Amino acid sequence: MLKFYTTVLDKKMLQVDDKVIADIARGFAIPPQPSLLIKLQQLMANKEPDINELAQVISQDVAISATVLKTVNSPIYGLSRSISDIHMAARYIGSEGILLLVTNCLLRKSFQQSDSSITLEEFWHNANNIANTSVLIGNSLTQNVSKDRLFTLGLFHDCGIPVMASKYADYSQTYEHALKTPSETLTAIEESVYQVNHATLGYYVASSWRLPKDICQLILCHHDREFLSTSSNQSQRFYFAILKMAENIVHRHKYFRDAADWPYISDSVLAILDMADEDYQDLLEDSAEQQI
């Protein structure tokens, strides 16, 4: 059972528990949590999780194991040699990191099976680009950040979009309208049309899959242009800033213009990351070859 807790949404207290998530699930096709992930979470509940037991559970799914190994061996981790053994991969990444990677694989697999009016291949290309760019930014900073969490946040911050697209046949038109209306946030436009937005749905998806609460919170707030000036959580502000910079870099490469949120938050993002505009421009140039 999910523990009861609260979070802030549009300056109102949003109460989140199993009942609320079940109510959302009745109206939207939120993918169920698979048994493999439940097993991993049960092992993680132990005071000292056995990394070999975690690896054994992962190895039961060949496709998941292959995806985890592919991720571990990607350039963003900078390993000196390739890893071909899932037990070695688990020991290298650690229990929390391996759980996040497996959750990535399973949640993506679930969305690929959904019927959507938005091309899921394009959606995941964009999500992967933002995830990889988030890690690239993290690697450029002197502060210590979790590559796994940056990748997970980048990959799933918009996970509510496939849910919206599977529910509303005209969602692609609404999404395109939002791209052409940068004065309004995508979530505000969604609310005006559907009375719900993808950030809220993404928060419910992430919560129902028991992703870390800090990631769930950032998914909920990632279009809040006031977040950096209103949040008192320095770690959250730092990860938010990296995500928004990654979003804008990917958007620039794809559309040759800034993302809608960027003009409103760019100065704050650069300040929080202690980065000059010249450093940002270098990242923009360096990230070009990473784009899918």
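Mentor: One definition to start: a helix axis here is a line fitted to C-alpha atoms over the stretch in contact, and angles run from 0 to 180 degrees between N-to-C directions. Keep in mind that this is a predicted model. The axes of helix H15 (residues 234-255) and helix H16 (residues 262-272) cross at roughly 125 degrees and come within 9 Å.

Trainee: How do you know which residues of H15 and H16 meet?
Mentor: The test is heavy atoms within 4.5 Å. On the H15 side, Gln234, Arg237, Phe238, Ala241, Lys244, Met245 and Asn248 pass it, and they meet Trp262, Ile265, Val269, Leu270 and Ile272 of H16. This contact between H15 and H16 divides into 8 nonpolar, 2 polar and 2 charged residues.

Trainee: What makes Arg149 and Glu96 a salt bridge?
Mentor: A side-chain nitrogen of Lys or Arg must lie within 4 Å of a carboxyl oxygen of Asp or Glu. For Arg149 and Glu96 the N to O distance is 2.4 Å, so the pair qualifies. Arg149 sits in helix H8 (residues 147-156) and Glu96 in helix H6 (residues 95-112), 53 residues apart.

Trainee: Which other salt bridge does Arg149 form?
Mentor: Arg149 also pairs with Asp214, the closest N and O atoms being 2.6 Å apart. Asp214 lies in helix H13 (residues 213-221) and Arg149 in helix H8, so the pair ties together parts 65 residues apart in sequence. With a relative accessible area of 28%, Asp214 is partly exposed.

Trainee: How do you know that Asp258 and Arg252 pair up?
Mentor: Their closest N and O atoms are 3.3 Å apart, and the limit is 4 Å, so they form a salt bridge. Asp258 is partly exposed at 34%, as is Arg252 at 26%. Elsewhere, salt bridges with shared partners join Arg225, Lys244, Glu247 and Asp261 into one network.

Trainee: And how many salt bridges does the rule give?
Mentor: The count comes to 6.

Terms used
Residues numbered from 1 in each chain as written. Predicted model: local features only at pLDDT ≥ 70, side-chain atom pairs only at ≥ 80, totals over all residues. Heavy atoms only, no water. Helix = DSSP H or I, 4+ residues; strand = E, 2+ residues; numbered from the N terminus. Buried < 20%, exposed > 50% of the residue type's maximum accessible area, 1.4 Å probe, protein only. Nonpolar A, V, L, I, M, F, W, Y, C, P; charged D, E, K, R; others polar.
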